[in-house]
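I opened this notebook to record what I looked up in one structure.

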Amino acid sequence: MSTALETKGLGMRYGRTWALRDCSLRLPTGSVIALVGPNGAGKTTLLQLVTGLLRPTEGTVEVLGRDARAGSAEALARVGFVAQEHPLYQGMSVADLLRMGRSLNLRWDQSMAERRLAGLGVPLAKRAGALSGGQQAQVALALALAKRPALLVLDEPLANLDPIARRDFMRTVMTAVAEDEITVLLSSHVIADLESVCDRLVLLKDGRMQLAGAIDDVLADHRILTGPRTGAEPSVSGLVRAVHSDRHTDLLVRTGTDRPDLHPAWRSQPVGLEELILAYLERPAEVAR
Ligand SMILES: Nc1ncnc2c1ncn2[C@@H]1O[C@H](COP(=O)(O)OP(=O)(O)OP(=O)(O)O)[C@@H](O)[C@H]1O
(Lines give C-alpha, C1' and ligand atoms only; values in the text may rest on other atoms or scores of the structure.)
Protein backbone atom coordinates (compact mmCIF):
# COMPACT_ATOMS: atom_id res chain seq x y z
CA MET A 1 0.00 0.00 0.00
CA SER A 2 1.48 3.38 -0.93
CA THR A 3 1.98 6.16 1.60
CA ALA A 4 0.11 9.46 1.37
CA LEU A 5 1.73 11.11 4.38
CA GLU A 6 4.77 10.29 6.46
CA THR A 7 6.19 12.25 9.38
CA LYS A 8 9.36 11.33 11.26
CA GLY A 9 10.22 12.81 14.66
CA LEU A 10 8.14 15.85 13.76
CA GLY A 11 8.17 18.67 16.29
CA MET A 12 7.11 22.30 16.44
CA ARG A 13 8.08 24.76 19.16
CA TYR A 14 6.58 28.21 19.64
CA GLY A 15 9.07 30.06 21.85
CA ARG A 16 9.59 27.72 24.77
CA THR A 17 6.38 25.73 24.25
CA TRP A 18 6.41 22.53 22.26
CA ALA A 19 3.07 22.38 20.43
CA LEU A 20 3.99 19.03 18.86
CA ARG A 21 6.78 16.60 19.71
CA ASP A 22 8.11 13.25 18.42
CA CYS A 23 5.32 12.75 15.93
CA SER A 24 6.06 9.80 13.63
CA LEU A 25 3.20 8.64 11.43
CA ARG A 26 2.65 6.75 8.21
CA LEU A 27 -0.77 7.10 6.61
CA PRO A 28 -1.67 4.89 3.66
CA THR A 29 -3.16 6.25 0.46
CA GLY A 30 -6.94 6.10 0.31
CA SER A 31 -7.50 6.14 4.07
CA VAL A 32 -9.73 8.56 5.96
CA ILE A 33 -7.97 9.58 9.15
CA ALA A 34 -9.58 11.17 12.20
CA LEU A 35 -7.23 13.47 14.13
CA VAL A 36 -8.63 13.99 17.60
CA GLY A 37 -7.42 15.65 20.78
CA PRO A 38 -8.48 18.24 23.33
CA ASN A 39 -8.07 21.99 22.77
CA GLY A 40 -4.40 22.87 22.47
CA ALA A 41 -3.35 19.28 21.72
CA GLY A 42 -1.42 20.29 18.60
CA LYS A 43 -3.90 19.27 15.90
CA THR A 44 -3.86 22.53 13.93
CA THR A 45 -0.08 22.67 14.28
CA LEU A 46 0.24 19.18 12.77
CA LEU A 47 -2.16 20.02 9.92
CA GLN A 48 -0.30 23.26 9.16
CA LEU A 49 3.01 21.37 9.07
CA VAL A 50 1.47 18.85 6.66
CA THR A 51 0.19 21.58 4.38
CA GLY A 52 3.53 23.42 4.41
CA LEU A 53 2.12 26.49 6.19
CA LEU A 54 4.56 25.99 9.07
CA ARG A 55 8.20 24.92 9.05
CA PRO A 56 8.94 22.26 11.66
CA THR A 57 11.40 22.91 14.45
CA GLU A 58 12.56 19.31 14.07
CA GLY A 59 11.79 16.22 12.03
CA THR A 60 10.41 15.74 8.54
CA VAL A 61 7.06 15.67 6.70
CA GLU A 62 6.64 13.92 3.39
CA VAL A 63 3.43 14.30 1.43
CA LEU A 64 3.08 11.80 -1.41
CA GLY A 65 6.78 11.05 -1.15
CA ARG A 66 7.92 14.68 -1.33
CA ASP A 67 9.26 16.94 1.35
CA ALA A 68 6.46 19.32 2.38
CA ARG A 69 8.81 21.28 4.65
CA ALA A 70 10.17 23.34 1.83
CA GLY A 71 6.63 24.30 0.82
CA SER A 72 7.40 22.56 -2.48
CA ALA A 73 4.89 23.80 -5.05
CA GLU A 74 4.77 20.37 -6.67
CA ALA A 75 3.90 18.54 -3.43
CA LEU A 76 1.47 21.18 -2.24
CA ALA A 77 -0.38 21.29 -5.57
CA ARG A 78 -1.62 17.81 -4.62
CA VAL A 79 -2.91 18.93 -1.19
CA GLY A 80 -6.33 20.49 -0.60
CA PHE A 81 -6.74 22.33 2.69
CA VAL A 82 -9.83 23.66 4.42
CA ALA A 83 -8.71 25.74 7.39
CA GLN A 84 -10.60 26.08 10.68
CA GLU A 85 -13.83 28.06 10.21
CA HIS A 86 -13.34 27.65 6.43
CA PRO A 87 -12.32 31.27 5.75
CA LEU A 88 -13.40 32.73 2.38
CA TYR A 89 -13.08 36.22 0.91
CA GLN A 90 -16.47 37.39 2.15
CA GLY A 91 -16.94 40.11 -0.46
CA MET A 92 -16.37 37.83 -3.45
CA SER A 93 -19.10 35.84 -5.17
CA VAL A 94 -18.85 32.05 -5.30
CA ALA A 95 -18.31 32.29 -9.08
CA ASP A 96 -15.40 34.74 -8.54
CA LEU A 97 -13.86 32.44 -5.91
CA LEU A 98 -14.01 29.57 -8.41
CA ARG A 99 -12.49 31.78 -11.12
CA MET A 100 -9.66 32.76 -8.77
CA GLY A 101 -9.07 29.09 -7.91
CA ARG A 102 -8.90 28.23 -11.61
CA SER A 103 -6.33 30.93 -12.29
CA LEU A 104 -4.13 29.74 -9.41
CA ASN A 105 -4.22 25.97 -9.97
CA LEU A 106 -3.10 23.94 -12.96
CA ARG A 107 -5.20 20.84 -12.23
CA TRP A 108 -8.44 22.75 -11.58
CA ASP A 109 -11.75 20.95 -12.20
CA GLN A 110 -14.22 23.82 -12.69
CA SER A 111 -17.16 21.74 -13.90
CA MET A 112 -16.94 19.34 -10.96
CA ALA A 113 -16.93 22.25 -8.48
CA GLU A 114 -19.91 23.91 -10.18
CA ARG A 115 -21.78 20.62 -10.35
CA ARG A 116 -21.21 19.87 -6.66
CA LEU A 117 -22.31 23.35 -5.55
CA ALA A 118 -25.34 23.36 -7.85
CA GLY A 119 -26.31 19.93 -6.47
CA LEU A 120 -26.27 21.45 -2.99
CA GLY A 121 -28.28 24.49 -4.07
CA VAL A 122 -25.44 26.96 -3.43
CA PRO A 123 -26.01 30.01 -5.71
CA LEU A 124 -22.82 30.88 -7.61
CA ALA A 125 -23.79 34.55 -7.95
CA LYS A 126 -24.10 35.13 -4.20
CA ARG A 127 -21.37 36.79 -2.12
CA ALA A 128 -19.60 34.31 0.18
CA GLY A 129 -20.44 36.53 3.15
CA ALA A 130 -24.16 36.23 2.39
CA LEU A 131 -24.14 32.40 2.51
CA SER A 132 -25.08 30.31 5.54
CA GLY A 133 -22.30 28.69 7.59
CA GLY A 134 -23.06 25.30 6.04
CA GLN A 135 -22.97 26.75 2.50
CA GLN A 136 -19.67 28.53 3.21
CA ALA A 137 -18.22 25.24 4.43
CA GLN A 138 -19.37 23.56 1.22
CA VAL A 139 -17.81 26.33 -0.91
CA ALA A 140 -14.49 25.99 0.95
CA LEU A 141 -14.66 22.22 0.41
CA ALA A 142 -15.54 22.60 -3.28
CA LEU A 143 -12.53 24.93 -3.75
CA ALA A 144 -10.24 22.40 -2.04
CA LEU A 145 -11.63 19.48 -4.10
CA ALA A 146 -11.48 21.36 -7.40
CA LYS A 147 -7.67 21.23 -7.05
CA ARG A 148 -8.13 17.47 -7.49
CA PRO A 149 -5.95 16.83 -4.45
CA ALA A 150 -4.47 13.46 -3.58
CA LEU A 151 -4.53 14.49 0.08
CA LEU A 152 -7.40 16.52 1.56
CA VAL A 153 -6.70 18.15 4.93
CA LEU A 154 -9.68 19.48 6.92
CA ASP A 155 -9.19 21.38 10.19
CA GLU A 156 -12.32 21.03 12.33
CA PRO A 157 -14.62 21.19 9.31
CA LEU A 158 -17.73 20.31 11.31
CA ALA A 159 -17.44 22.99 14.00
CA ASN A 160 -20.40 25.39 14.02
CA LEU A 161 -22.38 23.33 11.50
CA ASP A 162 -25.85 22.02 12.33
CA PRO A 163 -26.43 18.24 12.09
CA ILE A 164 -27.82 18.42 8.52
CA ALA A 165 -24.93 20.60 7.31
CA ARG A 166 -22.46 18.23 9.05
CA ARG A 167 -24.03 15.24 7.31
CA ASP A 168 -24.05 16.98 3.90
CA PHE A 169 -20.43 18.09 4.33
CA MET A 170 -19.25 14.57 5.19
CA ARG A 171 -21.30 13.13 2.31
CA THR A 172 -19.44 15.41 -0.11
CA VAL A 173 -16.12 14.31 1.39
CA MET A 174 -17.03 10.62 1.17
CA THR A 175 -18.25 10.97 -2.43
CA ALA A 176 -14.87 12.47 -3.32
CA VAL A 177 -13.10 9.62 -1.51
CA ALA A 178 -15.14 7.05 -3.44
CA GLU A 179 -14.82 8.77 -6.82
CA ASP A 180 -11.23 9.99 -6.70
CA GLU A 181 -9.54 7.71 -4.10
CA ILE A 182 -8.18 10.64 -2.17
CA THR A 183 -6.69 10.40 1.31
CA VAL A 184 -8.42 12.54 3.93
CA LEU A 185 -6.95 13.80 7.19
CA LEU A 186 -9.52 15.62 9.30
CA SER A 187 -9.45 16.98 12.83
CA SER A 188 -12.65 17.12 14.81
CA HIS A 189 -14.13 17.26 18.28
CA VAL A 190 -17.34 15.66 17.01
CA ILE A 191 -16.34 12.08 17.68
CA ALA A 192 -19.73 10.52 16.95
CA ASP A 193 -19.61 11.84 13.37
CA LEU A 194 -16.19 10.33 12.73
CA GLU A 195 -16.93 6.72 13.51
CA SER A 196 -18.92 6.02 10.37
CA VAL A 197 -16.51 7.72 7.95
CA CYS A 198 -12.96 7.25 9.25
CA ASP A 199 -10.90 4.09 9.07
CA ARG A 200 -7.85 5.37 10.97
CA LEU A 201 -7.32 7.35 14.14
CA VAL A 202 -4.57 9.63 15.40
CA LEU A 203 -5.04 10.87 18.96
CA LEU A 204 -2.92 13.78 20.19
CA LYS A 205 -2.68 15.13 23.70
CA ASP A 206 -0.31 17.79 25.01
CA GLY A 207 1.53 17.69 21.70
CA ARG A 208 2.24 13.95 21.93
CA MET A 209 0.70 11.12 19.98
CA GLN A 210 -1.20 8.78 22.31
CA LEU A 211 -2.72 6.43 19.74
CA ALA A 212 -2.35 5.93 16.01
CA GLY A 213 -3.53 3.16 13.75
CA ALA A 214 -6.41 1.53 11.95
CA ILE A 215 -9.55 2.00 14.08
CA ASP A 216 -10.27 -1.75 14.00
CA ASP A 217 -6.76 -2.52 15.31
CA VAL A 218 -6.92 0.19 17.97
CA LEU A 219 -10.27 -1.18 19.21
CA ALA A 220 -8.99 -4.77 19.12
CA ASP A 221 -6.03 -3.70 21.29
CA HIS A 222 -8.29 -2.57 24.14
CA ARG A 223 -10.74 -4.34 26.46
CA ILE A 224 -13.05 -3.31 29.26
CA LEU A 225 -12.63 -5.58 32.27
CA THR A 226 -15.54 -5.53 34.72
CA GLY A 227 -15.54 -7.16 38.13
CA PRO A 228 -16.62 -6.82 41.75
CA ARG A 229 -15.30 -3.76 43.52
CA THR A 230 -14.14 -5.77 46.52
CA GLY A 231 -12.62 -8.61 44.55
CA ALA A 232 -8.94 -8.73 43.74
CA GLU A 233 -8.38 -6.48 40.73
CA PRO A 234 -6.58 -8.31 37.97
CA SER A 235 -2.99 -7.25 37.72
CA VAL A 236 -2.85 -5.88 34.21
CA SER A 237 -0.43 -3.58 32.50
CA GLY A 238 -1.64 -0.90 30.11
CA LEU A 239 -4.38 0.51 32.35
CA VAL A 240 -5.98 3.50 30.61
CA ARG A 241 -8.86 4.25 33.00
CA ALA A 242 -10.48 2.81 36.11
CA VAL A 243 -14.07 3.62 37.07
CA HIS A 244 -15.44 2.44 40.41
CA SER A 245 -19.07 2.27 41.43
CA ASP A 246 -20.29 0.96 44.81
CA ARG A 247 -20.18 -2.63 43.66
CA HIS A 248 -18.23 -2.78 40.42
CA THR A 249 -14.96 -1.76 38.93
CA ASP A 250 -14.55 -1.08 35.18
CA LEU A 251 -11.01 -1.09 33.86
CA LEU A 252 -10.18 0.04 30.34
CA VAL A 253 -6.96 -1.72 29.48
CA ARG A 254 -4.67 -1.70 26.49
CA THR A 255 -4.14 -5.44 26.33
CA GLY A 256 -2.69 -5.67 22.85
CA THR A 257 -3.72 -8.92 21.20
CA ASP A 258 -3.22 -10.84 24.49
CA ARG A 259 -6.34 -11.69 26.45
CA PRO A 260 -5.72 -11.27 30.19
CA ASP A 261 -6.13 -14.32 32.38
CA LEU A 262 -9.10 -13.28 34.54
CA HIS A 263 -10.64 -14.55 37.76
CA PRO A 264 -14.11 -16.03 36.93
CA ALA A 265 -15.78 -13.10 38.71
CA TRP A 266 -14.36 -10.78 36.04
CA ARG A 267 -15.51 -10.44 32.48
CA SER A 268 -13.89 -8.87 29.47
CA GLN A 269 -15.71 -7.01 26.71
CA PRO A 270 -14.83 -4.85 23.71
CA VAL A 271 -14.85 -1.05 23.89
CA GLY A 272 -16.58 1.40 21.55
CA LEU A 273 -14.65 4.13 19.74
CA GLU A 274 -16.24 7.09 21.52
CA GLU A 275 -15.67 5.60 24.96
CA LEU A 276 -12.08 4.75 24.08
CA ILE A 277 -11.30 8.25 22.81
CA LEU A 278 -12.94 9.92 25.81
CA ALA A 279 -10.94 7.71 28.19
CA TYR A 280 -7.67 8.77 26.54
CA LEU A 281 -8.71 12.43 26.50
CA GLU A 282 -9.59 12.32 30.21
CA ARG A 283 -6.36 10.67 31.30
CA PRO A 284 -4.28 12.91 33.52
CA ALA A 285 -1.26 14.30 31.69
CA GLU A 286 1.27 12.52 33.93
CA VAL A 287 -0.33 9.14 33.10
CA ALA A 288 -0.68 9.98 29.44
CA ARG A 289 3.01 10.74 29.02
N1 LIG B 1 1.22 30.96 16.76
C2 LIG B 1 1.37 30.43 18.00
N3 LIG B 1 2.18 31.02 18.89
C4 LIG B 1 2.36 30.50 20.12
N5 LIG B 1 1.78 29.35 20.56
C6 LIG B 1 0.96 28.73 19.71
C7 LIG B 1 0.70 29.24 18.38
N8 LIG B 1 -0.16 28.38 17.77
C9 LIG B 1 -0.44 27.41 18.66
N10 LIG B 1 0.23 27.62 19.83
C11 LIG B 1 0.19 26.75 21.00
O12 LIG B 1 0.51 25.43 20.58
C13 LIG B 1 -0.32 24.48 21.25
C14 LIG B 1 -1.08 23.64 20.23
O15 LIG B 1 -2.01 24.50 19.55
P16 LIG B 1 -2.92 23.98 18.32
O17 LIG B 1 -3.66 25.17 17.81
O18 LIG B 1 -2.06 23.23 17.38
O19 LIG B 1 -3.90 22.98 19.11
P20 LIG B 1 -5.27 22.33 18.61
O21 LIG B 1 -5.23 20.90 19.04
O22 LIG B 1 -5.50 22.61 17.18
O23 LIG B 1 -6.34 23.11 19.50
P24 LIG B 1 -7.91 23.47 19.21
O25 LIG B 1 -8.66 22.17 19.31
O26 LIG B 1 -8.24 24.39 20.33
O27 LIG B 1 -8.00 24.11 17.86
C28 LIG B 1 -1.19 25.27 22.20
O29 LIG B 1 -0.58 25.27 23.47
C30 LIG B 1 -1.20 26.66 21.60
O31 LIG B 1 -1.38 27.64 22.60
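The entries below follow that order.

**Basis.** I noted that this is a predicted model, in which local features need pLDDT of at least 70, side-chain atom pairs count only at pLDDT 80 or more, and totals for chains, interfaces and linings use all residues. Residues are numbered from 1 along each chain as its sequence is written.

**Terms for elements.** I took helices (H or I, at least four residues) and strands (E, at least two) as DSSP runs, numbered from the N terminus. Two strands pair if DSSP finds at least two bridges between them.

**The sheet.** I looked up the strand order and found an open sheet of 4 strands, β12-β13-β11-β14, with antiparallel pairing. The edges are held by β12 (239-244) and β14 (267-269); each has a single partner strand, so one side of each has no neighbour in the sheet. On average, neighbouring strands are turned by 20 degrees against each other, direction ignored. For such angles, axes are lines fitted to C-alpha atoms (for helices over the stretch in contact), and angles run from 0 to 180 degrees between N-to-C directions.

I then followed β12 to its antiparallel partner β13 (residues 248-254), to which 5 bridges join it. Leu239 stands opposite Val253 in β13.

**The ligand shell.** Which residues surround the ligand? I listed Tyr14, Thr17, Ala19, Gly37, Asn39, Gly40, Ala41, Gly42, Lys43, Thr44 and Thr45. A residue is near a molecule if its C-beta atom, placed from the backbone, lies within 6 Å of it. Both β2 (17-28) and α1 (43-50) supply at least two residues of this shell, and α1 gives the largest share, 3 residues. I sorted the shell by class into 3 nonpolar, 7 polar and 1 charged residues. Here Ala, Val, Leu, Ile, Met, Phe, Trp, Tyr, Cys and Pro count as nonpolar, Asp, Glu, Lys and Arg as charged, and the others, Gly among them, as polar.

**Helix contacts.** I found that the axes of α5 (residues 133-146) and α6 (residues 163-180) come within 9 Å and cross at roughly 10 degrees. The two helices are therefore roughly parallel, a label for angles under 35 degrees, whereas those over 145 are roughly antiparallel, 65 to 115 roughly perpendicular and the rest oblique. By class, the contact of α5 with α6 has 6 nonpolar, 4 polar and 1 charged residues.

I next looked up α4 (residues 110-119), whose axis comes within 9 Å of that of α5 and crosses it at roughly 155 degrees. That makes α4 roughly antiparallel to α5.
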